[in-house]
Amino acid sequence: VQGYGGVTGTAFPLVAGESYFVQLKNTVATKDYIIVGSHDPGLVLNLDSVTGTGINSFSYPYHSTAGNAKDLIDEVNGFVGGSVVSVGYWNIASDSITSYEGLTGTAFDLVPGEGYFVQVQLDVTNYVPSHY
């Protein structure tokens with residue numbers, strides 16, 4: 001995990017298709033923040049299996065057609081053939097990752113503009129998310 005605090009560390013470039021997590025100072029309970037994105041129907045994503053855990057940060061594109069975690073698993077698996085282990089998100093209420101593996105539990109809805117964790121066991125290269 002690489003972090004930047006505005007004063008310490010090194011600022012890093014933001015990469016299209018990756019998600020980022022922002023931690024607020026404990027003096028700020030909430031902050032409304034408008035994120036303006038653009039739709040790039042040709043955006044090619046790569047999900048790496050050799051990151052130690054195979055967990056990748058994934059920025060759900062605004063015009064995606066996958067409505068929930070199962071749809072995303074099915075889409076990526078259809079592209080590469082059974083690589084996805086799970087899709088998860090940071091659950092603020094429990095201060096932990098909530099994940100869906102595709103077989104048990106409830107496939108949570110995906111929200112455009114939010115970040116997700118996609119764990120893969122095989123590299124997924126040149127994946128273009130389905131979009132409308």
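Visitor: Which residue takes a positive phi in the hairpin of β3 and β4?
Guide: Asp 95 does, with a phi near 55°, in a hairpin that has 4 residues between its strands. Keep in mind that this is a predicted model.

Visitor: Why point out a positive phi?
Guide: Most residues other than glycine have a negative phi. Asp 95 is not a glycine, and its phi is positive.

Visitor: Is Asp 95 buried or exposed?
Guide: Asp 95 is exposed, as its relative accessible area is 56%. Its place is in the loop between β3 and β4.

Visitor: Where is Asn 126, which also has a positive phi?
Guide: Asn 126 is in strand β6, residues 124-127. Its phi is about 60°, and it is not a glycine either.

Visitor: How many bridges join β3 and β5?
Guide: Strand β3 (residues 84-91) and strand β5 (residues 115-120) pair over 4 bridges, in the antiparallel sense. Among them, Gly 88 is partnered with Phe 117 of β5, and Val 84 with Val 120 of β5.

Visitor: Let's look at the helix. Which residue forms a salt bridge with Lys 70?
Guide: Asp 74 does, with the closest N and O atoms 2.7 Å apart. The count for the structure comes to 1 salt bridge.

Visitor: What does the side chain of Asn 68 reach?
Guide: The side chain of Asn 68 reaches the backbone nitrogen of Lys 70 at 3.0 Å. It also reaches the backbone nitrogen of Asp 71 at 2.9 Å.

Visitor: Where is Asn 68 found?
Guide: Asn 68 is in the loop between β2 and α1. At 18% relative accessibility, Asn 68 counts as buried, because the limit for that is under 20%.

Visitor: Which residues does Asn 68 touch, leaving out those up to four places away in sequence?
Guide: Asn 68 touches Ala 107, Phe 108, Asp 109 and Leu 110.

Visitor: New topic. How many aromatic pairs does the structure hold?
Guide: It holds 5 aromatic pairs. One of them is Tyr 60 with Tyr 116: the ring centres are 6.4 Å apart and the planes are at 80°, so the pair is edge-to-face.

Visitor: Where do Tyr 60 and Tyr 116 lie?
Guide: Tyr 60 lies in the loop between β2 and α1, and Tyr 116 in strand β5, so the pair ties together parts that are 56 residues apart in sequence. Both Tyr 60 and Tyr 116 are buried.

Visitor: Which aromatic pair does Phe 108 form with Tyr 89, and what are the numbers?
Guide: The pair of Tyr 89 and Phe 108 is edge-to-face, with 4.7 Å centre to centre and 70° between the planes. Tyr 89 is in strand β3 and Phe 108 in the loop between β4 and β5, 19 residues apart.

Visitor: How accessible are Tyr 89 and Phe 108?
Guide: Tyr 89 counts as partly exposed at 24% relative accessibility, whereas Phe 108 is buried with a relative accessible area of 12%.

Visitor: Which residues do ring pairs link into a cluster?
Guide: Tyr 60, Tyr 89, Phe 108 and Tyr 116 are linked into a cluster by ring pairs.

Terms used
Residues are numbered from 1 along each chain as its sequence is written. Side-chain values use heavy atoms; hydrogens and water are left out. Two strands pair if DSSP finds at least two bridges between them. Helices (H or I, at least four residues) and strands (E, at least two) are DSSP runs, numbered from the N terminus. Buried means under 20% relative accessible area, exposed over 50%, partly exposed in between (1.4 Å probe, protein chains only). A polar contact is a pair of N or O atoms within 3.5 Å; within protein, one must be able to donate a hydrogen and the other to accept it, and residues adjacent in sequence count only if both atoms are side-chain atoms. Contact means heavy atoms within 4.5 Å. Rings of Phe, Tyr and Trp (its six-membered ring) pair if their centres lie within 6.5 Å; planes under 30 degrees apart count as stacked, over 60 as edge-to-face and the rest as tilted. A salt bridge is a side-chain nitrogen of Lys or Arg within 4 Å of a carboxyl oxygen of Asp or Glu.
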